[in-house]
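Me: I have a structure here and would like to go through its side-chain contacts with you. Shall we take it question by question?

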Amino acid sequence: MKFSLLLLVSLCSLPFTANAGNMFGPAPFRNGSPLVSGVDGTYQATASDTNIIGIFRFQYSEGSQTSSPTKNSWIFFREGRVMKGTVEAAIDGSSLSGILGQEAAKSGNPNTNATFPLILTTSTSDSLGNFNGKLNLKSPSGAFSGSGVLQSAAGGVTTYTFINTNNFGGIESTNVPITNSVGAGFTNNFQFRGVRTSVFSTGSSTN
């Protein structure tokens, strides 16, 4: 009886070093492991600071950013103005960085009548920015956060093209470029938080 009691006391005094992680392997999203499904997917973040609020998003497929213009874009609202453009993003491990580029030239026709004179417009945006942050590799939702800056750029140009008939029965056109007024230059810092909003298999269609 004394021997059994002594053996029990001795066993209880031994250090117990095993834990659930060591016995059954590392738990999900531990050890800085990459996201279970890799980085492929669509990401979206909300950004805000004094006098500014916005959204930007980007999409990855097969480890690289896709070329879809609708999945790689940004739009901000600042003091009554709506500004938007394209996003170039890079993911390197847990590091995230990107550029808020100027919107590609877009065209329109204010004159909705199919008669002359026709008035066509082509314009570019006058703001751009950048952002830097961290992708949480332990987050099942692919959460990411960081900070960035939005600032005025060289004034965007709106070109008006007037197309009309002349006195000799021909057609002539006149281009009138007008530089959009940026007003006082501005710089706005912002904070952002976002998640991966969709995940798709490598090789799936992205556009």
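Me: Which ring does the charged end of Arg78 sit over, and how far is it from the ring centre?

Reply: This is a predicted model, where local features need pLDDT of at least 70, side-chain atom pairs count only at pLDDT 80 or more, and totals for chains, interfaces and linings use all residues. Residues are numbered from 1 along each chain as its sequence is written, and side-chain values use heavy atoms, with hydrogens and water left out. A charge sits over a ring if NZ of Lys or CZ of Arg is within 6 Å of the ring centre and within 35 degrees of the ring normal. For Arg78 the ring is that of Phe186, and the distance to its centre is 4.0 Å.

Me: Which side chain does Arg78 meet in a salt bridge?

Reply: A salt bridge here is a side-chain nitrogen of Lys or Arg within 4 Å of a carboxyl oxygen of Asp or Glu. The structure holds one. At 3.4 Å, N to O, the partner of Arg78 is Glu79.

Me: Is Arg78 buried or exposed, and is Glu79 buried or exposed?

Reply: Buried means under 20% relative accessible area, exposed over 50%, and partly exposed in between (1.4 Å probe, protein chains only). Arg78 has a relative accessible area of 15%, so Arg78 is buried. Glu79 has 52% relative accessibility and is therefore exposed.

Me: How many aromatic pairs does a search of the whole structure find?

Reply: A pair of aromatic rings is described by the distance of the centres and the angle of the planes. Rings of Phe, Tyr and Trp (its six-membered ring) pair if their centres lie within 6.5 Å; planes under 30 degrees apart count as stacked, over 60 as edge-to-face and the rest as tilted. Searching the whole structure gives a count of nine.

Me: What kind of pair do Tyr43 and Phe144 form?

Reply: Tyr43 lies in strand 1 and Phe144 in strand 10 (residues 144-152), so their pair ties together parts 101 residues apart in sequence. Strands (E, at least two residues) and helices (H or I, at least four) are DSSP runs, numbered from the N terminus. Tyr43 is buried at 0% relative accessibility, and Phe144 is buried at 3%. With ring centres 5.9 Å apart and planes at 65 degrees, the pair is edge-to-face.

Me: How many residues apart in sequence are the parts that Phe56 and Phe192 tie together?

Reply: Phe56 and Phe192 are an edge-to-face pair, 5.2 Å centre to centre with 75 degrees between the planes. Phe56 is buried at 0% relative accessibility, as is Phe192 at 1%. Because Phe56 lies in strand 2 and Phe192 in strand 13 (residues 187-198), the separation of the parts is 136 residues.

Me: How far apart in space are Ala47 and Arg193?

Reply: Ala47 lies in strand 1 (residues 41-49) and counts as buried at 2% relative accessibility. Contact means heavy atoms within 4.5 Å, and beyond its neighbours within four places in sequence, the contacts of Ala47 include Phe190, Gln191 and Phe192. Ala47 and Arg193 are 146 residues apart in sequence, yet their C-alpha to C-alpha distance is 6.8 Å.
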